[in-house]
Amino acid sequence: QVQLVESGGGLAQPGGSLRLSCAASGSISSIRTMGWYRQAPGKERELVAVIIIGVTTTYADSVKGRFTISGDNAKRTVYLQMDSLKPEDTAVYYCKFAVRPRAYVDLDYWGKGTLVTVSS
């Protein structure tokens with residue numbers, strides 16, 4: 001059974017930093033993307049940043065220049081370094097791995113989320 005576990009959330013002051021980590025366990029292979037999403041209270045879940053393995057990295061406009069995503073496909077881990085945090089970054093952050101274990105079969109695995117609160 002595949003599990004994704006996030007860690008590193010918590011309380012930060014505006015202008016501060018946090019680093020999120022996400023590690024996958026279980027039988028997981030053929031990872032296509034590793035990404036971070038977030039959902040603020042009363043809002044829909046949105047993409048924050050994603051690594052498309054072997055292709056590119058993409059960020060939401062709202063976090064460009066402040067957040068950095070990195071990952072290790074072999075170790076099945078992904079990180080999100082968040083700097084210059086703003087109150088509007090407050091949300092539950094989720095990691096997601098998209099995999100293609102065999103032809104024409106695409107699966108998404110989600111973590112349970114970690115809360116990030118930015119407040120003075």
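Close-up 1. At 6% relative accessibility, Arg 38 counts as buried, where buried means under 20% relative accessible area, exposed means over 50%, and partly exposed covers what lies in between, as computed with a 1.4 Å probe on protein chains only. The model shown is predicted, so local features need pLDDT of at least 70 and side-chain atom pairs count only at pLDDT 80 or more, whereas totals for chains, interfaces and linings use all residues. Residues are numbered from 1 along each chain as its sequence is written, and side-chain values use heavy atoms, with hydrogens and water left out. The side chain of Arg 38 meets that of Glu 46 in a salt bridge of 2.8 Å, N to O, a salt bridge being a side-chain nitrogen of Lys or Arg within 4 Å of a carboxyl oxygen of Asp or Glu. Glu 46, at 36% relative accessibility, counts as partly exposed. A salt bridge also joins Asp 89 and Arg 66, at 2.7 Å from N to O; Asp 89 lies in the loop between S8 and S9 and Arg 66 in the loop between strand S6 (56-59) and S7, so this pair ties together parts that are 23 residues apart in sequence. Both Asp 89 and Arg 66 are buried.

**Close-up 2. The salt bridge of Asp 106 and Arg 100.** The closest N and O atoms of Asp 106 and Arg 100 are 2.7 Å apart in this salt bridge. Asp 106 is partly exposed, with a relative accessible area of 44%, and Arg 100 is likewise partly exposed, with a relative accessible area of 35%. Elsewhere, salt bridges that share partners join Arg 38, Glu 46, Arg 66 and Asp 89 into one network. The count of salt bridges in the structure comes to seven.

**Close-up 3. The disulfide of Cys 22 and Cys 95.** The sulfur atoms of Cys 22 and Cys 95 are 2.0 Å apart and form a disulfide, which is defined as a pair of cysteine sulfur atoms within 2.5 Å. Cys 22 lies in strand S3 and Cys 95 in strand S9, so the pair ties together parts that are 73 residues apart in sequence; helices (H or I, at least four residues) and strands (E, at least two) are DSSP runs, numbered from the N terminus. The torsion about the S-S bond of Cys 22 and Cys 95 is about 50°, so the disulfide is right-handed. Both cysteines, Cys 22 and Cys 95, are buried, and the count of disulfides comes to one.

**Close-up 4. The largest nonpolar core.** This core has 30 residues, and those with the most contacts inside it are Trp 36, Val 78, Leu 80, Met 82, Tyr 93 and Phe 97; a nonpolar core is a set of buried Ala, Val, Leu, Ile, Met, Phe, Trp, Tyr and Cys residues joined through side-chain atoms within 4.5 Å. Among the elements that give two or more residues to this core are strands S3 (18-25), S4 (31-39), S8 (77-82) and S9 (91-102). The largest share of this core, five residues, comes from S9.

**Close-up 5. The aromatic cluster around Trp 110.** Tyr 37, Tyr 94 and Trp 110 form one aromatic cluster, and the structure holds two aromatic pairs. The rings of Tyr 94 and Trp 110 have their centres 6.5 Å apart and their planes at 80°, so this pair is edge-to-face; rings of Phe, Tyr and Trp (its six-membered ring) pair if their centres lie within 6.5 Å, with planes under 30 degrees apart counted as stacked, over 60 as edge-to-face and the rest as tilted. Tyr 94 counts as buried at 13% relative accessibility, whereas Trp 110 counts as partly exposed at 35%. The charged end of Arg 45 sits over the ring of Trp 110, 4.7 Å from its centre, the rule being that NZ of Lys or CZ of Arg is within 6 Å of the ring centre and within 35 degrees of the ring normal.

**Close-up 6. Strand S8 and its antiparallel neighbours.** Six bridges join S3 to S8, which run antiparallel, and six bridges join S7 to S8, also antiparallel; two strands pair if DSSP finds at least two bridges between them. Tyr 79 in S8 is the bridge partner of Ser 21, and Arg 19 lies over the face of Tyr 79, at 4.4 Å from the ring centre. S7 and S8 form a hairpin with four residues between them, and Arg 76 in the turn has a positive phi of about 55°. Lys 75, placed in the loop between S7 and S8, is exposed, with a relative accessible area of 60%.
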